[in-house]
Amino acid sequence: MEQTPVTDPNTIATDGFRLHPDDEAAMREEIGHFEQPQAACIEALKIVQRRHGWVPDDAITAIARVLGVGPASVEGVATFYSLIFRQPVGRHIILVCDSSSCFLTGFDQLRDALGEHLGIGLGETTADGRFTLLPVCCLGACDGGPALMIDDDVYGPVAAGDLPDLLEGYS
Amino acid sequence: MNSQRQSPIYKSRLLQPVAERSPETHPLTWRLRDDGQVVDLKEYQSKEGYQAVSQVLNGHDPGAVIAAMKEANVRGRGGAGFSAGLKWSLTMQGGDIPRGYIVCNADEMEPGTFKDRLLMEQQPHLLIEGMILAAFANNARYGYIFLRGEYVESARVLSEALAEARDAGWLGPDVAGSGFDFDIALHTGAGRYICGEETALLNSLEGQRANPRAKPPFPGQSGAWGKPTVVNNVETLCNAPAVMLRGADWYQGLSGDGTDDGGTKLYGASGLVNRPGLWELPIGTTGGELLELAGGLRDGKKLKAWLPGGASTGFLLPEHLDLPLDFDTVGKEGSRLGTGLITVVTEDQSMVALMRNLEQFFARESCGWCTPCRDGLPWTVKLLLALERGEGEAGDVELLDKLAADCGPAQTFCAHAPGAAMPLETALRHFRHEFEQGIRQSKGKPHGDPIPVGEV
Amino acid sequence: MATIHVDGQSYEVNGADNLLQACLSLGLDIPYFCWHPALGSVGACRQCAVRQYKDSDDDQGMLVMSCMTPAADGTRIDIEDEEARAFRASVVEWLMINHPHDCPVCEEGGHCHLQDMTVMTGHDRRRYRFRKRTRRNQYLGPFIAHEMNRCITCYRCVRFYNDYAGGTDLGAFGSKDNVYFGRHQEGTLESRFAGNLTEVCPTGVFTDQSHSEHYTRKWDLQFAPGICHQCAMGCNISPGERYGDIRRIENRYHGEVNGFFLCDLGRFGYGYVNRTDRPRVPELRPAREREQEPEREPETLGVDTALARITEALRHAGRVIGIGSPRASLESNHQLRELVGEANFSTGINANEQLCLGLMDELGRSCGLPAPTLREVEGHDAVLLLGEDPMESAARLGLAIRQAITAPPSEYAAKLGIPHWNAEAMKTLAQDHRQPLFIAYPAETELDSLARDRVALAPDDIARLGFAVAHDIDPTAPGVPGLDKALKSRAAEIASALMSAQRPLVLSGGALDSPAIIRAAGNIARALARRASRGGLLFVRREANSTGQSLLGGQPLEWALDQLTDGNADAAVILENDLYQRLPEARVDSALANARPLVVLDHQRTRTLSRATFSLPAASFAEGDGTLVSLEGRAQRFFQVFEPGYLRPEARIHESWRWLHGLSVNLSGDTPGDITLDEVTAACSRACPELEMITAAAPDARFRIEGLRLAREPHRYSGRTAMRADQNVSEPRVPQDPDTALAFSMEGYSGFRHPHQQVPFAWAPGWNSPQAWNKFTDEVGGHLRGGDPGIRLLHPRPGLYHYDCDIPEAFQRSDTDYRAIVLPRLFGGDETSARAEPIRQRMEPPVLLLSENDATALGAELGGLVTVTGEQVCVTLPARVQVDWPRGLVGLPAGSVPMGIADGPVTLTAGPGSTPTPGEEVRA
């Protein structure tokens, strides 16, 4: 699965969302995998997010139309899952694991180092729109704690000193 | 988008070289390569791959598969330890019951757990083979691998493997020439720990909010879209091919005499140990042996406590290191085996802070369906934060006792809140003094303003 | 049957319910939130925990949620177990963590389920010392106010709104302790059943905004058992009054009709009662003065003067025509007929509609199938809607049909061991399960999404389809000559689905004003009856008393106007009827011009009333008593809520039947004397054999419980001494009610232990919310212990009946002109509620419906309007294209078009330009 967000900064915070025909086709193909169209809801949200970086308000109604369900049910799903973004995010998502093993191996220090380096706290986006920093459930990299994930790449163990080089790879 | 520079890229790995692994002793991992590359279809087939499917499906006796699984007593590796064979025997089949689904629970998110990732990233066909066997036994029409969204590498590997298997006729309208039809789709999630709860997983699969479902009806009666559905963990399903090929007796014999459970288990250790990692070992291996494999604690620190299998298990003490880590033994000590990957806590680490971290996790990951979990857990977080900051009041520890007791099994809708209650209850029992140290205020003074503690 | 043991006592229960429901039905109190009798169990709130024991030897037991546990034979539980009580106290404590301390300013206060349960559970102090969560609220339209801080996350709102009522614009958002219930975007809630959220929500998240405008605590309202007058469904309501205004309408539980739910028209349509321009005193407008000075204020008259002068004027008239009304009570219509004589009485209903109503009555008796109650509708397993759109014309019926169609596969569920009350499990099973629903109707309807097939046809073609279905079911029914292939196969499909159902329901009505459709529905019912089917036939009538008026009988409205226009009569008395809403203006004008005097009784200042020489202020449903017959043929009594003269001494409002009685005695020279409701009801019953049983529709004025009248006011009613103090510091005696067994007072019976039918408001100790109905029913969600109100009048009659053979020709499109059809509309489609706030705000802007081809042919311009021109009238509206709308027809919205437009061919004109695309509105 391709997960690299194709983010055009111009699509952030602009009105008049339009569902890309390729995306609609991809959603219809997803629907075919399930007994009911609603099942493709999460994937449909991810399809929009791959193109736009986040899920704009109007995308909710557009997806609802494709799935043939009510907009409230799509919004209910969109706001439930932590990896669906209903606000604009940065070009790169940093998921920093705050679960027990990483907590015991230095999450606090890593979070503070990230904060110092990026000037943001958890849940925030850098002013230049480059990074959004989010906490995440155990990344399943506990033998590499403290761990974090930038876009599709998992790193661990990450020391504060690794950060400058690490982040430089994401422009 | 890998950086060109030297980066601490994380790669899932088993800390046992090929030389130490054999088909007879390491059914889950003997095919894994030392270089950590994927065991592709060709290599898998050359190492007994899909032989179980060929034999079993062309034997046309689904009942025998269930019987073998029951006899081998493969217990659920997702943490609950329920017999997979028994589960399969309860699936509704026949008459006007429609064919249903096999769902692989690959939503590995239990804090401290990193085992399924290895199996999926490096040996996807073992899982696919296990699912085909499960489908055959349960008369399932279709399979889904419910994979957590963050496992990008697993998704890539599984997608390729599914295509390979389909091309080779292991999936599709006529699996292995047996006339049995079955195919699998990969479904990736979008976060939320609760999706690992099997009924919440089904709602998520249906594209709904991942609230769990009441049981009964169990998924085997009415699962995905109301059809009979079997949900098994990755590691559980990966056990099926070897059980079919080598039999239940062999499987039972894999574990030592110290345990009633059979087979091997992917064990692991994390926290401040010298060599955190993953090993396939006979079930019933002790915590002490694991700690030894992990090279002991870093900087010569002393062990204060340990979690036997994830955040939702109860704390054990150093004195428990000699116990065999199997489902029943650990259960007798007021904890659970869980996923069998231990997390160690060193003597200088604060239990209050750790508990706050754990409860924050559970409160944040609550689906918001039932009251104790939704509204009770955030209160525990706020109390723990207050204690951690030395702002506790008399009575707070007792309140925590009560909250832990009220979040027990059957009192809440699913096992999420009991999972939060178990570490809290055991921490309060074993390390009460640490919590009491946070109490600096007497009870009962009215507060001018609400205390802005605890953004959960 | 099953025996269960609760706190050491043994009880007999039905064994099919869950423990919570069983215990509540036994009168035992267990607190609960997420469970609701109509919505089933989901086990979310954990409030209803009890201790269950395996058997009599088990002394440990374990906590279970009573709502999720079957009340099977031998079940042993303790409600009063200490640990269970402690756990329930914990649950309510958690729920209250974020709940504001705003009861004193919360509109739910005093009828709040959360308050009741908190008190029941004994939670009275807060241990949580941290900051509460706060939320933003949404604008949800004119009906519902939103206050999310109060939410306790019981999920009832979305379960009702989406799962039960089929809404799609209210959802649960977010997760953990931050679940938000609202719309995906701010805006008016789309469901026509949104008002039920005010009762479904256990606390004050969703409140009645029409009530907020003039808020009064429940205990300070005066109530009476009411019947909704906004359509023919006959839903039972509890209107609440304070200071001479209706403040809110709540659902009044009826086990066979409305159950727990009302539609929004019924709940919010009462505003016309409170209009300040209502006629409150008799008025005189001499004809000559009115012609010379149309703006001149009418002269007001006292009661005796008015009666005397009207009597005098009528006495000088040659022949007086009485025009009744299907929105007025049977008693008022009867009294008018008494006044003018049977030969001079008109029902006030258009001829064609009256023909349809007559056919419906006749078929109700002769088709061989019974008319189901709403509860029975929910049990049907196949539905054909033939030329009717109940979501617009009788919305509560539409909601019942939805339940029938979405009913989960109960036999399969039973096989899996899933009890019917396990709501989420049933929902999962029902995802791909629908009972067959077929709709034949030209316009799109809200039920379309549930339909197996919907066919858009002209009325005559709908009738033909119906005749063909009957023929397919029973070949001895007449076939339809020249039916096209597509319709033939559709008819066969419908017939086969109806025949393979256990309980097929044929539902039709007067929406399209087509007798042929009704006759066709009758044939289908007869054919099903001959196949020994347990089916049903139900017809939708338009107005609150259409059925009753049809049974009472009389000449159609056109006849009455003709008598006046032709000079055969020279005076008229019109009862609660705006003739301009029924027939073309010119025709009404010319008839009324010949009526001297013209006497009009109404509670609204209608156009007809403004033409009256004498007008008499009539009571609305809130100020009077009377009997109505609903579309299922159920005669039901509505009761006066308040005495208008108590707070407005100048008001001279009386029931029309009382005014008309006054005129009668004056005219006949009898000794003047008042009449009571029981007398006029009895007289009506004697005068009309069809209505003989109406006296049994409700207990009479002598009814007492423990020697007491029924109190209209809750026992905490406050302020009575002060409320008239601005007028007079000495408090008058409370108004006396000679007509009914209810008292305008808190003094009287308001309990629940003694079963009774007519419950003004539901209250029981500890149960202040609408959930108090639990205490009045034989079992929760069952029937009132005193019997469900009303009495059914239309019963199938044995006899030899034949098929109707009068099959219309297929609709032929003309190249030059169109046919207009007027389609019912829920909001804005009826005479009285269209005058009410906030219904006026909720009305959709009117549009006309056209087929795509016709729109293209017309060259309807984007941004332009389309004008429909009939013989005498025309109307211009924005056009909307409906892809499958039948060619040659134009659809017009009821309430927004001149009368008579559908009587003959019309022409359509539009400006030049491009053609509108489907679904796109052409705007001015």
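Which side chains meet in a salt bridge at 2.6 Å, N to O? In this predicted model, in which local features need pLDDT of at least 70, side-chain atom pairs count only at pLDDT 80 or more and totals for chains, interfaces and linings use all residues, the side chains of A:Asp98 and B:Arg364 form such a pair, a salt bridge being a side-chain nitrogen of Lys or Arg within 4 Å of a carboxyl oxygen of Asp or Glu. Residues are numbered from 1 along each chain as its sequence is written, chains are lettered from A in the order in which they are written, and side-chain values use heavy atoms, with hydrogens and water left out.

Two salt bridges are found across the interface of chain B and chain A, together with 25 residue pairs in polar contact, both residues at pLDDT 80 or more (a pair of N or O atoms within 3.5 Å; within protein, one must be able to donate a hydrogen and the other to accept it, and residues adjacent in sequence count only if both atoms are side-chain atoms). On the side of chain B that touches chain A, α12(B) gives the most, with eight residues (helices are DSSP runs of H or I, at least four residues, numbered from the N terminus).

The contact, meaning heavy atoms within 4.5 Å, takes 67 residues from chain B and 55 residues from chain A. Between them the chains bury about 4,900 Å², of which 57% lies on carbon and sulfur atoms; buried area is the accessible area (1.4 Å probe) that two parts lose on being put together, summed over both.

Terms used
Helices (H or I, at least four residues) and strands (E, at least two) are DSSP runs, numbered from the N terminus.
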